[in-house]
Amino acid sequence: MLNIASVVLSAGLRSFDKLYDYIIPDNLSALPGMRVLVPFGAKNRLCSAWIVQVRQDEATRALKEIHSLVDDYPLLNQEMLKLSEWMKNRYLCTWGEAIGCMVPAGVNLTRQRIVKSCIQSPSEEMSPIMARLCEAGDEGVLYQDLEREFPDNLEAMLKELVDKGLVEIRETFRQRVSQKKQRAVYPVIDQAEFMALYHEGQVKSVYQARVMDFLYEEGMCFLQDLLLIPGVSHATIRAMHKKGWVAYEDVDVERDPFEIQENASNGIAPVPTEDQQRALDTLMPLLEGHRLNEALLHGVTGSGKTEVYIRLIEEAIRLGKTAIVLVPEISLTPQMVSRFTSRFGKRVAIQHSRLSLGERYDQWQKIRRGEVDVVIGVRSAVFAPLNNLGIVIVDEEHEPTYKSENNPKYDARHVARARCNINGALLLLGSATPSVETYARARSGKIGLIEMKTRANTRPLPQVRMVDMRAELQQGNLKMISRVLEEELIRVKRNGEQAILFLNRRGYASFLLCRDCGFVLRCPNCSVSMTYHRNDRHVVCHYCGYTVPVPPSCPNCRGVHLKPMGTGTQRIEEELLSHEAGFRVLRMDLDTTGSKYGYQRILDAFRTGEADILIGTQMVAKGHDFPNVTLVGILAADAMLFTEDYRSTERTFQLVTQAAGRAGRGEKPGQVILQAYNVDNYALQAAMEQDFHAFYSREIPIRQQLGYPPFAHIGMVMVSSTDNSRGWELIIRIHQFLMEKYGQTDQLTISRPLRAPIFVLRNRMRWRIILKHPSTGHLLGILKDVAAMTDRMKLKDARVSVDIDPVNML
């Protein structure tokens, strides 16, 4: 009997996406969840792979052997391996792509070519490249390093040297990030021996004596800390090491992402409100079950959903279980982490993209080793390798950021449900404005529904006033801020209170218009206008990132009357900073939060009263709790209503309601001023009243009539190409295939092939076909057929992507 491992390639194409059997050599201890290097293909090129199964069996055919192990222990447990297979089938991705979501980016292997000399001793007749390789010795030189040193004809030179047997080239794999190590120093001789040397006059430097005193007191100390002692240098420590007084040791250290976190409270739990206690009484028993339980916690803004989350997690930990808390935005992570660390201490880990590769790796290792009970993070935190998972909480479950737009196009809410199903855990979805699909499932009894209708501090919801901007225009006010809002901002400043202004449009102006010929500066890579950013006088494409300085004249007619049109957060900031009231202003959007701690520094500054007004895009509208904010102004509240997306009214209602919920969360009452042109729209009218049920009752019949979720699921086939005719030809072929095979299927709708609303994106033209059917499984079968059909075709530069329940319809 042989030990056989079934592996999947880490970076295999769809056509190679299956299990391959390899013999495990007797000297290797291979386990499921480990990475290995295996010889693959006719040329036996080494490839990275993951072990999925290990078994004992007779070899019925000639099998290759595993070349080597990459890991000393499994990085994936059985749950993660099972989840990866589910993702592979659910999101039509490869096994390797699914597994790639489950490990931090820093552990991915990069292929490297190492060039090594076969000659040990250099000679004067050698070429410069041979001399360089001989100097490197047995370690060799990385190919990319040689490319920098010998940029001309390197490949040809190496081929000639290999043919002559002077050089060999081998491939290896390297992990980008590993455990961080720091050099430490410890005493080798005991204190009595050192004191004898000191009295004999053999210690010539007082700085050496200070170092030894410090080491005898501490036992071991990091080198960088010893260098903080006045007068101590690297030379001091080297001299002591040479004399045999001290020794070095490399010690594992953790990169700490909590270094600037501060606890938001003293850790004392508040007394639950009636609504909170009612929710806890319903949800607590679900933690003790051993099957999937799912519930929606629908609570108005400020109702105290976070306290319910914390108490449920406390109960889960008491039962010996662990928890994941998902938040939609990185900006919400510091606030949530502060709340949780004040109650759970160091048993909390965080996972999000603003951490460095090293910090993510260290946090992931802590989770894997079982050193934490709670993981908080954005979408990717759903893959945290916790054991005995008891609860997954999805805060602000309605947010589209939980759906990935890159392969694999997974939805963190569905992955959370799959993990809870595997573990027999509770999935809790929380929101003041739940998605129409989730609320429909709750109303139908498919999942539990718990509603919290009052704020935790018993304060009333803020009063909302609608300002018709058409009337402002007729009265001669051409500014983005209405007179009513301006007066209220002045009042708030005079009273020592704070305000938030929400405008979901960053930059200074939406576009630059030539008033002489009507020309608009557009992105050369995308079919969109570019946004004007006044701070650095550039225009930027917010889709592909293309940026150029503002031209001195119109590129079309050479006129000099280029006028910024539309308004973004930068223009509002400029207007308020120049206001005679002397407003202190902070702006929070993607342009001001690019640094690692950009979000937290802005939020902390506003919380400590360094500004009267916080201006921002949607990142200021969610989850934040500022007790001194008594006014929220929502500018261009109707801007999203007419995008080519069936969710446009839903997202408008959600954003306006969430933004309005930032007002009046402390002891002082709050008010909201909502500015719009389409003041009669039902989404805005419902948002004014903070009435989700009124919005839902108007929205759901429209969805039913048009056949949109929750009455059908949506599948999307997207074709992109740099060649217009080739892309159009391919989308037509796919449409013909679908009509011939599935055209008569009951309840299935297949749209005509059409251009995507944003037709050109990053220099690629895009076409799409929309499918609708009540069954997810049926749609997945159709999309798999499309993927299989196009995999067999030679597409050249054309690309085909498929998605189930896409979040972005543009």
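**Exercises on salt bridges and a helix**

In this model, the side chains of Glu307 and Arg311 meet in a salt bridge, 2.9 Å from N to O. The model is predicted: local features need pLDDT of at least 70, side-chain atom pairs count only at pLDDT 80 or more, and totals for chains, interfaces and linings use all residues. Residues are numbered from 1 along each chain as its sequence is written, and side-chain values use heavy atoms, with hydrogens and water left out.

**Exercise 1.** Describe where Glu307 and Arg311 lie, and whether they are buried or exposed.

*Solution.* Step 1: a salt bridge is a side-chain nitrogen of Lys or Arg within 4 Å of a carboxyl oxygen of Asp or Glu. Step 2: Glu307 and Arg311 sit four residues apart in helix 11 (residues 305-318), about one helical turn. Helices are DSSP runs of H or I with at least four residues, numbered from the N terminus. Step 3: an α-helix has 3.6 residues a turn, so residues three or four places apart point the same way. Step 4: both Glu307 and Arg311 are buried; buried means under 20% relative accessible area, exposed over 50%, and partly exposed in between (1.4 Å probe, protein chains only).

**Exercise 2.** Classify the partners Asp163 and Lys159 by accessibility.

*Solution.* Step 1: their side chains form a salt bridge of 3.3 Å, N to O. Step 2: both lie in helix 5 (residues 154-163), four residues apart. Step 3: Asp163 has a relative accessible area of 56% and is exposed. Step 4: Lys159, at 54%, is also exposed.

**Exercise 3.** Classify Glu486 and Lys479.

*Solution.* Step 1: a salt bridge of 3.6 Å, N to O, joins their side chains. Step 2: Glu486 is partly exposed at 22%, and Lys479 is partly exposed at 40%.

How values were computed. Helix = DSSP H or I, 4+ residues; strand = E, 2+ residues; numbered from the N terminus.
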